[in-house]
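Hi,

Here is the structure I promised to send over.

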Amino acid sequence: MNWGSILQFLGTDAPTQGLIWTIFALGVFISYRILNVADLSVESLFPFSAIMSLLFVNNGMNPILAILFAIIIGGIIGLVNGALHIYLKINPLLSGIIIMVALYSPNVILSKGNLVLDSSKLTIFTGLNTLINNYTFSKLLILGIIVILIIFLMYWFFGTELGLSLRASGKNENMARAQGINTNSRYLMGMAFSAMFIALSGALYGQMTKHIAADAGKGSIVIGLTIVFLGEVLLGHRSFKLSLFSVVLGGIIFWLIIDIIIQIPGFNTNYLNLLKGIFITIVVVIPEIKKLITNNKKPKTTTVEEK
Amino acid sequence: MIKIEHLCKEFKSSNPTLPINKVLKDVNLTINDGDFITLIGSNGSGKSTLQNVISGAYKPTSGNIFFDGLDVTNLKEFKRAKYIGRVFQDPNVGTIGDISIQENLALAFKRGEKRNLSWALKDEYNEIYNKNLAPLNLGLENRLNEKISSLSGGQRQSITLLMAILKKPKLLLLDEHTAALDPKTSKKIMGLTQTLVEENHLTTLMITHNMRDALKYGNRLIMLSTGRVIADISAEEKAKLTIDDLYDRFDAAEKENNFSSDLID
């Protein structure tokens, strides 16, 4: 690859999409990998946050403040999701589905099907563009900085006593409680953090595309999980630090692959979700196949040792 | 001193036509500071339930538990953890496999303390961990970065034991903590347990299925049968007992139980 083609790639939608979905996948990473919950609420929370951020901007709010408010609202929805499990003893998978379904209504009502940004209003991206006058670069710069900040924030938080206790609660509740950790409060905290990341990615997505459909989150959980799994296939999960980077790598590689597929001449984009489904299956199965191969090898080596 | 008064624990069956399962029936027990109690009883006698009620994992149906005069009966498990170190039968329960030795020990090091936003892993803590690991003879000093899952069951259980006492607990609860290990490793861990308990003057309540261990270790032996304490044997008396004596006591108690339940029916 020469510099020309790299620049050409950076000019397409793929890197910005990749970065937004990386933020989304980091949220999924918290719920799925740290708390062990497949949280389906993200399917509705993603467009909901995009709608929030566009509505705020349309009503005259500063686009950065609009994103911050969307994050706060997302965090509250995450807390409600967690509370359904902790206080009402609803299965975590079901509580996610409840939030997902419940958010359909505000999504349709508030967006009236498809919400469009007022052409007179600035977004966080066009705002920066007025300063540096390069829209593609503005988008990449803002998203790149946000992803780097998030990685630092997560690296720091999950390395603290509090963050470690949150990870422990997700991995082994009995052990965590025996060590004096309030596993209920950690679960609520984790669900709120996860939802805040989803909300951030949704709010950014809305401002980047400048319009949002009520059903824009369909299949988003699959994208999030695929990115998490793809990163793990590429880098393995040797340490927590590495798994954060693997999500970022997974996000970028995933959108690179999607980008290549879309650019195939004559490709019908309606097949994209089917392809994503096949892709995630392959990515999930690879580690299992690896395990099978190593397990088949093991007995042979022990018999050799015994001789 | 830990005082247990009129402790009862019932489990309701999900099927309402089945009778309520009374696992603990009016258990009264005083654990003195420095006691090393071995707790024996057949399956379903309530040994594990008793430990789970003491630790706060289960809420008692009635009765009270006092730690040094403080009523902890309604104190949540994670709050009570301040006073209690636990080792479970399954090494996978007491530790987290896919994080490092260091991180597991860091979790135990802050047991009962508020966890804040300072770094969980610090070099100065590592010195403390290494100092505590050295007498265990596991060869794990300076290997703190390795994942727990790479360790053997025995090593893992030794780490759990260390985690339970890294912050000195008021009471150490051991629930058949060597039962999942091979005989040789099991013996080694029992020896280690005794050394650590003696050196740190720990008050200990150890469940065991091994009658020999029950007689060999500790200064007191308590026998449970169908949710009642049927024998509380002192060190002097224990020294004279044989394994057969223990079995005889069990048989006698069970006959008595059957007799009394016959009377009630």
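**What I found**

In this predicted model, 18 residues of chain A are in contact with 23 residues of chain B (contact means that the C-beta atoms, placed from the backbone, lie within 7 Å). On the chain A side, α8 (161-171) and α9 (173-178) are the elements that give two or more residues, and α8(A) has the largest share with six residues. Helices here are DSSP runs of H or I with at least four residues, numbered from the N terminus.

Now to α2(A). This helix has 21 residues and spans 28 Å from first C-alpha to last, close to the 30 Å expected at 1.5 Å a residue (1.5 Å times one less than the number of residues). At V28(A), α2(A) bends by about 30°, taken as the angle between axes fitted to the seven residues ending there and the seven starting there.

The axes of α2 (14-34) and α11 (220-235), both of chain A, come within 8 Å and cross at roughly 80°. That makes the two roughly perpendicular (65 to 115 degrees), with axes fitted to C-alpha atoms over the stretch in contact and angles running from 0 to 180 degrees between N-to-C directions. V28(A) is among the α2(A) residues making this contact, as are W21(A) and F24(A), while α11(A) contributes I223(A) and L225(A), among others.

On bookkeeping: residues are numbered from 1 along each chain as its sequence is written, with chains lettered from A and ligands numbered from 1 in the order written. As a predicted model, local features need pLDDT of at least 70 and side-chain atom pairs count only at pLDDT 80 or more, while totals for chains, interfaces and linings use all residues.

Cheers

Technical notes: Parallel < 35°, antiparallel > 145°, perpendicular 65-115°, else oblique. Contact = placed C-beta atoms within 7 Å.
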